[in-house]
Amino acid sequence: MAASAGPEIERLIGLLSKLPGLGPRSARRAALALLKRRDQLLLPLADALSEAAQRVKTCHVCGSLDTQDPCAICADPQRDASLICVVEEVGALWAMERAGAFRGRYHVLGGLLSALDGVGPEALKVGPLVSRATDAGVREVILALPATVDGQTTAHYLADRLGGADVSVTMLARGVPVGGELDWLDDGTIAQAMRARRPA
C-alpha cells in the first residue's frame with residue numbers, strides 16, 4: 001500500500017479483500033471506486049450494510065437469510081411443505097429461486113463434508129434435516145448439491161442418513177446443459193448424461 005494512504009483506507013481495503021473473489025488488487029480498485037463516488041456508492045453502501053447487519057437473521061427452520069424468522073419461503077402457505085430441497089449454502093437457494101422451477105421448501109446445510117478440510121457431519125445441519133424429513137407431511141427430499149467430490153460424498157452420506165425416514169430421496173439430474181454442444185463438454189458430463197438418459 002502506498003505511504004500516502006491513511007489507516008482508514010488501508011482498513012477498508014483490508015476488509016474488502018476478505019470478500020470472495022476480491023484479492024488485494026481488486027479490493028484497492030473497489031475502495032478507490034467507492035471513495036471517488038462517495039455520495040452515489042459509499043454512503044448508500046454503508047447504510048445498506050448497517051441495515052443488513054441489524055435486520056437480517058438466519059431462519060430457524062431452513063437456515064436461509066431473511067429479515068423475518070421463519071423466512072418468507074418457510075412462512076409461505078403456497079409453498080409445498082411435502083418437498084424439501086437440500087442446498088449447500090444460501091447462494092444455491094437463491095439460484096434455485098431465480099430458476100423458478102421449485103415451489104417447495106429448502107434446507108441449507110451450511111457446507112459440505114470434506115475430509116481434507118476437516119468438515120465432518122457435526123459441522124453441518126444434518127440432524128435438523130433428518131428431523132424435518134421424518135415429519136408427517138414430507139414425502140420427498142431433493143439433494144441439490146454440487147457435482148464435486150465433496151458434493152457427491154455429502155449426497156451419499158445424506159441419502160444413507162435419510163434411509164430410515166419414510167421419504168423419497170432424489171438428486172438433481174446431471175448432464176448436457178441447455179444449449180450445450182457435445183464436442184465442447186467434458187467426458188464426465190457426457191458419461192453422466194448418458195447414464196441419466198430418459199424417454200424422448
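Some conventions. Because this is a predicted model, local features need pLDDT of at least 70 and side-chain atom pairs count only at pLDDT 80 or more, while totals for chains, interfaces and linings use all residues. Residues are numbered from 1 along each chain as its sequence is written, and side-chain values use heavy atoms, with hydrogens and water left out. Helices (H or I, at least four residues) and strands (E, at least two) are DSSP runs, numbered from the N terminus.

I start with the largest nonpolar core. By nonpolar core I mean a set of buried Ala, Val, Leu, Ile, Met, Phe, Trp, Tyr and Cys residues joined through side-chain atoms within 4.5 Å. Buried is under 20% relative accessible area, exposed is over 50%, and partly exposed is in between, with a 1.4 Å probe and protein chains only. This core has 19 residues, and Val86, Leu129, Val141 and Leu158 touch the most other members. Two or more residues come from each of strand E3 (80-87), helix H6 (126-133), strand E5 (140-143) and helix H7 (149-161). H6 contributes the most, with 4 residues.

Take Val86. Contact here means heavy atoms within 4.5 Å. Neighbours within four places in sequence aside, Val86 contacts His107, Leu109, Leu129, Val141, Ile142, Leu143, Ala144, Leu145 and Leu158. There is also a second, separate core of 15 residues, and Cys59, Cys85, Val90 and Ile142 are included in it.

Next, H6 and H7. The axes, lines fitted to C-alpha atoms over the stretch in contact, come within 10 Å and cross at roughly 45°, with angles running from 0 to 180 degrees between N-to-C directions. That makes H6 oblique to H7; under 35 degrees counts as roughly parallel, over 145 as roughly antiparallel, 65 to 115 as roughly perpendicular, and the rest as oblique.

Now Asp80, in strand E3. Is Asp80 buried or partly exposed? Asp80 is partly exposed, at 28% relative accessible area. Beyond neighbours within four places in sequence, Asp80 contacts Arg103, Gly104, Arg105 and Arg139. Asp80 and Ala191 are 111 residues apart in sequence and 33 Å apart in space, C-alpha to C-alpha.

Last, the cis peptide bond. The bond runs from Asp69 to Pro70, with omega near 5°. Pro70 sits in the loop between strand E2 (65-66) and helix H4 (72-75).
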